[in-house]
Amino acid sequence: MISNDKYIELARTYGTPLFVYDGDMMLERFRDLFRFIPCDRLNVHYALKANSNPALLTLLRDAGAGIDAVSPGEVVLAMALGFAPEKIIYTANNMTDAEFDRVMKTGVTVNIGSLSRLKKCAKSHPGARICLRFNPDVCDGDNEKTMTGGDLTKFGILLDDADTAAAIAAEGNLHIIGLHEHTGSGLQHAESVLKSMDNLMAIATKERFSELEFLDFGGGFKVPYKEDEARIDYVDMGNKIAVKFDNFCRQYGKELLMRFEPGKYLAAECGTLIMEVNTIKHNRTRTIAGCNSGFPHLIRPVLYGAYHRIENLTNPEGVPALYDVCGNICETGDRFAEQRELPEIREYDLLAVKNAGAYCYSMGSVYNLRPMPGEVVLKDGNVADFRPALSDEELVAQILRK
Ligand code: LLP
């Protein structure tokens, strides 16, 4: 745990806005999964899209993690950081032929999620070893934009098309070495993971797919975002996962590898965005705390209506009042929180936005031409890495390709 004093010290040293990541916590979350899921053939592939900070990726690499990559750029980054191709799975959707060919050449396992791409692969890469992504037909997630199972989404091959997929693969002499599903992000119900596993395992018969080496059940493990939100009982869930998988392997007649691809679970809680309040404004009905960050740095509240805890680092004992915590972007919706009760906020107070490790920096932009914040990674309580923010001049030089 990083103390408030430490956050304040880091903010004073490196300036704000600033992302601070607790590398120890990320590793702890990584190890959690091996404690929770008692299967000695478990592989954890970190969903790099959640946070691509190189220092964090290096910690995970050294701990033995693999990578779930969703674009050629993510593959290039993972390989540049020393993840071996066989530790990377590529699960892009709606990929171009050029993109597909490029990744196939790297030796990374490509995960195909449409019959159309499968047919093209059978023609262009006969004999290739690939993975097939199925839509698990289970709807769950922390909001509708991040539920990936079910009829309304663009992801995966329909379970009903399993025979067709197997036939296309056989025609192109493709080796189907893995089957994959991803149900959604922030799965609310442990049962959804188990149900999706059941659905994938039901089509993973030896008769249809005789060369399987792994089953990949995606990501989606949730962590609490709200003050009073309970943690899922992952010990119970992990045991059920392991038993289910064991039974499947016995039936299939081979000890397959079990894969999960968590992003949020590993990254969310380890990150905090620190920002400074510069303007307090009293409207007729609202008190607005204006900060030196904005939704381009942390878009989840605006995009998903997501709740992120906020702490007043420099006035934790202040008298509570209601605040709209706003950013510095020229849009009314630029709020981190609306009508949130917080200890009195004064100008120059430092606020900490919690659970800012997953899908915050990585979904960032330079809208309004405000550079992305600096990032600090702590390991064993000390600063292990600092990536400074670009200056305005450096940002403009990038735009001008100078
Ligand atoms: N595997 C696949 C194929 C995925 O599409 C995703 C996430 C994951 C794994 C990791 O899911 P996680 O464990 O992080 O829930 N921007 C949204 C989340 C989008 C997730 C996209 N896919 C958010 O901020 O809530």
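Modeller: Begin with helix H8, which spans residues 190–203 and has Ser192, Val193, Leu194, Ser196, Met197, Asn199, Leu200, Met201 and Ile203 as its buried residues. The model is a predicted one.

Thr109 itself belongs to strand E5, residues 109–112. Thr109 counts as buried because its relative accessibility is 10%, and the cut-off for buried is under 20%.

Next, the ligand. It sits in the largest pocket. There are 20 residues around the ligand, and those that come nearest are Ser185, Glu261, Lys264, Arg300 and Tyr359. Glu261 places a polar side-chain atom 2.6 Å from a nitrogen atom of the ligand. Lys264 has an N or O atom in its side chain 2.7 Å from an oxygen atom of the ligand. With Gly263 the backbone takes part: one of its polar backbone atoms is 2.8 Å from an oxygen atom of the ligand. The ligand taken alone exposes 580 Å², and the protein buries 91% of that.

His297 is found in the loop between strand E12 (287–291) and helix H11 (300–304). Its relative accessibility is 4%, so His297 counts as buried. The side chain of His297 reaches the backbone oxygen of Pro371 at 3.1 Å. Beyond its neighbours within four places in sequence, the contacts of His297 include Phe19, Cys360, Tyr361, Ser365, Arg370, Met372 and Pro373.

Pro17 is also in contact with His297. A cis peptide bond joins Thr16 to Pro17, with omega about -5°. Pro17 lies in the loop between helix H1 (4–14) and strand E1 (18–22).

Cys326 is part of strand E14, residues 320–326. At 12% relative accessibility, Cys326 counts as buried. Leaving aside neighbours within four places in sequence, Cys326 is in contact with Ile288, Ala289, Gly290 and Cys291, and also with Asp334, Arg335 and Phe336. The C-alpha atoms of Cys326 and Asn292 are separated by 8.9 Å, although these residues are 34 residues apart along the chain.

Two exposed residues complete the account. Asp380 is in the loop between strand E17 (374–379) and strand E18 (382–387). Phi of Asp380 is near 50°, a positive value in a residue other than glycine. With a relative accessible area of 58%, Asp380 is exposed, since exposed means over 50%. Arg401 lies in the segment after helix H12 (392–399). Arg401 is not a glycine either, yet its phi is positive, at about 55°. Its relative accessibility is 73%, so Arg401 counts as exposed.

Notes. Residues numbered from 1 in each chain as written. Predicted model: local features only at pLDDT ≥ 70, side-chain atom pairs only at ≥ 80, totals over all residues. Heavy atoms only, no water. Helix = DSSP H or I, 4+ residues; strand = E, 2+ residues; numbered from the N terminus. Buried < 20%, exposed > 50% of the residue type's maximum accessible area, 1.4 Å probe, protein only. Near = heavy atom within 4 Å. Polar contact = N/O pair within 3.5 Å; in protein donor to acceptor, adjacent residues only side chain to side chain. Areas by Shrake-Rupley, 256 points an atom, 1.4 Å probe, with all protein chains shown as cover. 1 Å grid on protein atoms, 1.4 Å probe; cavity = no way out; pocket = protein on both sides within 12 Å on 5 of 7 lines; lining within 4 Å. Sits in = over half its atoms within 2 Å of the grid points. Contact = heavy atoms within 4.5 Å.
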